[in-house]
Amino acid sequence: MRTETPKTIFLKDYKPTPYNIDNVRLTFRLHDTETLVRAEMKLKPNKASKAKKALLELDGEKIKLLSVAINGELLAPTEYVVSEHKLTIKTVPQKAFTLAIESQCDPKANTELSGLYMSNGVFCTQCEAEGFRRITYFYDRPDVLAKYHVRIEAPKAMPVLLSNGNPAGNGSISGTDRHFAEWDDPHPKPSYLFALVAGDLGSVHSDIITSEGRHVHLGIYVEKGKDNRCAWAMESLKASMRWDEKVFKRAYDLDVFNIVAVSDFNMGAMENKGLNIFNDKYILALPQTATDTDFELIEAIIAHEYFHNWTGNRITCRDWFQLCLKEGLTVFRDQEFTSDMRSRDVKRIDDVQDVRARQFPEDFGPLQHPPRPNAYIEINNFYTSTVYEKGAEVCRMIQTLIGAAAFAKGMQLYFKRHDGDAATVEDFVKCFEDASKKKLKQFFRWYEQAGTPQVAVSGKYDAKKKTYMLNLTQSVKRLKGQPAKLPLHMPLGLGLIGPDGRELHSGMIELTKAKQSFTFKNILAKPVLSLNRGFSAPIVLKHRATERDLLLQLAYDSDSFNRWEAGQELAKKLILERYHGKHGNQWPQKVAEFAEALRHPLTDTSLDEAYRAKLLDVPPYEELMAAIGKEIDPEKLYSAHEEFTAKLGEGLHDTLHEVYTSTESHAAYKPDAASSGKRALHYAALSLATRAQATWVEEALRQESQHATNMTAEYSALRISTRLRGALPEELSKRFFDAHNSDPLLIDKWFAAQALAPSESAADRVRTLMSHKDFTVKTPNRVYALLRNFIGGNFIGFHAPDGAGYKLAADVIIAIDAINPQVASRLATGFRTWRMFDAGNRKKAEAELQRILATKPLSPDVFEIISRTLKA
Ligand code: 0A1
Ligand code: ZN
């Protein structure tokens, strides 16, 4: 907790450690409140370090030091200093030596869920980024790679004892009711990848033989009684292993691969070597308990963690500034996996929607940072959408610029050159320069420069010369005090569409200058421009396309992304006209025309159903806010959005009913792309018809809820019903709770549905729900279900002009900060757009932000987020 202003760490200050730790033997005597840890380490002076006869300074936090010995000799207390965050040993041998440290920690009191903690009676660990220092004194940083041997001693009532690597023996401890297990990991790794689990867990097992002929035992461990919910996770794991062998030529490298699911976890999951630990919501799934979205997320997150085995574990990061080296690349890899397993077109739209909803607001506002930041206070605050998703977009742009073949070659070079290294982003990009012989110097700015580029577009057709000239101007908005931004190198997919819908030209251009023109010859008719196809660069296009042009694209664009995008652009235009009061009498007619234009693709059975469902998406608030920019009136924006959606639903009414009934299915539930796509369309139609208050929806929702045979149906009915007036929402909510109140993941869904139901008085409802007997601030999933959904997903509730949403958020952030700063800090990012609102809202938000900042003590996590949010 903060006693003074927290320290900032800078990339430019990177220095190797004066000593290396090559080998570690860890012994754990597990006890709820007093766990003993013995660490025996082999150290030697680090040749890469310039420091001579340096002190040995190890990280350590919230642990009690019991003893220190060098080469078997106990040190006297005068020979070392223990402070809140460090153990300093004044003199150590200047050649290889052993260091043995005994310490004690209290897993039961660990509410931050970092280090060794207990979740539902199970001992588990979370060491990324800096949790290992809460287990023992160590160089807790990613560039110190050691081989680990682990011995776990625990009561026999905890039969499952797991750690990284391969099993290396087990047995009883004579004369006690305790037993032990040993694990040996042959691959050197940084401390953040260490993991341990001990408990009484259920499990499922399987095997796989890798492409290199290794026989691997696969295990998934879950809370007892939940082992019947692991089949999908196991199937997804095997699919991931096969895919990585086929696409990236990467095979698994240990004899066992274990996954453990726990119910208390700050994030989604963690890629510890050979022992992935998951938030159980991303493992457990049965058709009756998990939605289609859950199934898809489970598949993707299992893949993501598994893919880290090469991108993150075998090749790790030199320091935490390089986080996007493993995260951006691994997200890119999991996106490719999902694209191959499901629909590539739909996955691209999903990913772009995610970038726009989460990354763009980060990049436009006070929490802006480049994918590779150059300073931080608390590294846990940098597991952001910029590092992950923009990091992945940057990898994708490299692939687009140098081509798929050179990209594949560059990846193989990266694996070959850097296996076993703690690498940098420079190392990574160099592999693609070498593989493609293309300079990526200017391109590298994407890693170092924050902000979303805007590209202004104008085009001119010369009917005589049959040429089309495209003029582009790129710029990045500067925040207060920032130096001028430099032009970026970006690939832009491009098409020119003729008036009859036929393609006159297609290809890719590379924009490198601040202002640049491109001329296309032999263009036989005045074209409609389709630019940034496939969202080839993560930018905002400023292009005044006419409604007619957008309608033509919606009907004919051969790029599925831009076809969908044209619909979104039109919808955005119409909502903004309404918001700005520029709609005039023609507005209902214009929405009706838009609905008419959607009717054709919506019923075109040659398009896949998941894609057709996407066409019904109404642009989210984040995008509308970005387009408005400042002085946003939340009530006006909310009603413009509502009115547009209702009108669109009215315009499409018959089609929605037809689509809804034609996508009904009585077949047994399957989670595959085609079946879930059909359900996506089914519920998208029902949802839009509900927004238009169609007469048939009430009965349809009741039937869906009463006769549901899967969670997708049940949860969709619950969520959609919150848009109706009358008694139905309450009826469905009660039915859902009564049916599922013994299942924590489904109680989360029940809280989420209420947190997301839009209303100006939603803050009151959420506050009342915080006193519900099933609400607890100790379980991150429960907090996220109720509060992150409210803050990030209930626009009018959170931004209610009376300030009740802001006050509730601040109260909760302050209360949770004392228990779990990472969770509090994640909630605090919800304020990042506060300056975009009108004076009334701004004043209320600022007062709450000041109140948080004045709280003592305050964690560095929340301090960093709130102080940055107030500053820019
Ligand atoms: N590396 C994990 C995410 C992760 C990060 C931090 C954590 O605790 C602070 C936990 C997990 C991933 O990318 O999946
Ligand atoms: Zn990751």
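Leu470 stands opposite Phe518 in strand E29. The model in which these two residues face each other is predicted.

Strand E26 covers residues 467–475 and pairs with E29 in the antiparallel sense, over 6 bridges. Both strands belong to an open sheet of 4 strands, in the order E29-E26-E25-E31. The pairing across this sheet is mixed. E29 (515–520) and E31 (540–542) stand at the edges with a single partner strand each, so one side of each has no neighbour in the sheet. Direction ignored, neighbouring strands here are turned by 25° against each other on average.

Another open sheet of 4 strands has the order E10-E11-E16-E13, and its pairing is antiparallel. Its edge strands are E10 (115–119) and E13 (160–163), each of which pairs on one side only. On average, and with direction ignored, neighbouring strands of this sheet are turned by 15° against each other. E10 and strand E11 (residues 122–126) run antiparallel and are joined by 5 bridges. Within this pair, Ser119 stands opposite Val122 in E11.

Asn120 lies in the loop between E10 and E11. The phi angle of Asn120 is near 55°, a positive value in a residue other than glycine. Ala129 is found in the loop between E11 and strand E12 (146–155). Most residues other than glycine have a negative phi, and most peptide bonds are trans. A further cis peptide bond joins Lys856 and Pro857, where omega is about -5°. Pro857 sits in the loop between helix H26 (839–853) and helix H27 (860–871).

A polar side-chain atom of Glu128 lies 2.6 Å from a nitrogen atom of the ligand. The side chain of Tyr388 places an N or O atom 2.7 Å from a ligand oxygen, and a backbone N or O atom of Ala269 lies 3.2 Å from an oxygen atom of the ligand. Taken alone, ligand 1 exposes 370 Å², and the protein buries 97% of that area.

In total, 15 residues surround ligand 1, and the closest are Glu128, Glu271, Glu305, Glu327 and Tyr388. By class, the shell has 5 nonpolar, 5 polar and 5 charged residues. Three elements each supply at least two residues of this shell: strand E20 (269–270), helix H2 (292–307) and helix H3 (323–341).

Charged side chains also meet one another in this model, and the structure holds 72 salt bridges. One of them joins the side chains of Glu731 and Arg735, with an N to O distance of 3.5 Å. Why are Glu731 and Arg735 separated by about one helical turn? The reason is that they are 4 residues apart in helix H19, which spans residues 728–740.

Terms used. Residues are numbered from 1 along each chain as its sequence is written. Chains are lettered from A and ligands numbered from 1 in the order in which they are written. This is a predicted model: local features need pLDDT of at least 70, side-chain atom pairs count only at pLDDT 80 or more; totals for chains, interfaces and linings use all residues. Side-chain values use heavy atoms; hydrogens and water are left out. A residue is near a molecule or strand if one of its heavy atoms lies within 4 Å of it. A polar contact is a pair of N or O atoms within 3.5 Å; within protein, one must be able to donate a hydrogen and the other to accept it, and residues adjacent in sequence count only if both atoms are side-chain atoms. Accessible areas come from the Shrake-Rupley method with a 1.4 Å probe; for residues, only the protein chains shown count as cover. Ala, Val, Leu, Ile, Met, Phe, Trp, Tyr, Cys and Pro count as nonpolar, Asp, Glu, Lys and Arg as charged, and the others, Gly among them, as polar. Two strands pair if DSSP finds at least two bridges between them. Axes are lines fitted to C-alpha atoms, for helices over the stretch in contact, and angles run from 0 to 180 degrees between N-to-C directions. A salt bridge is a side-chain nitrogen of Lys or Arg within 4 Å of a carboxyl oxygen of Asp or Glu.
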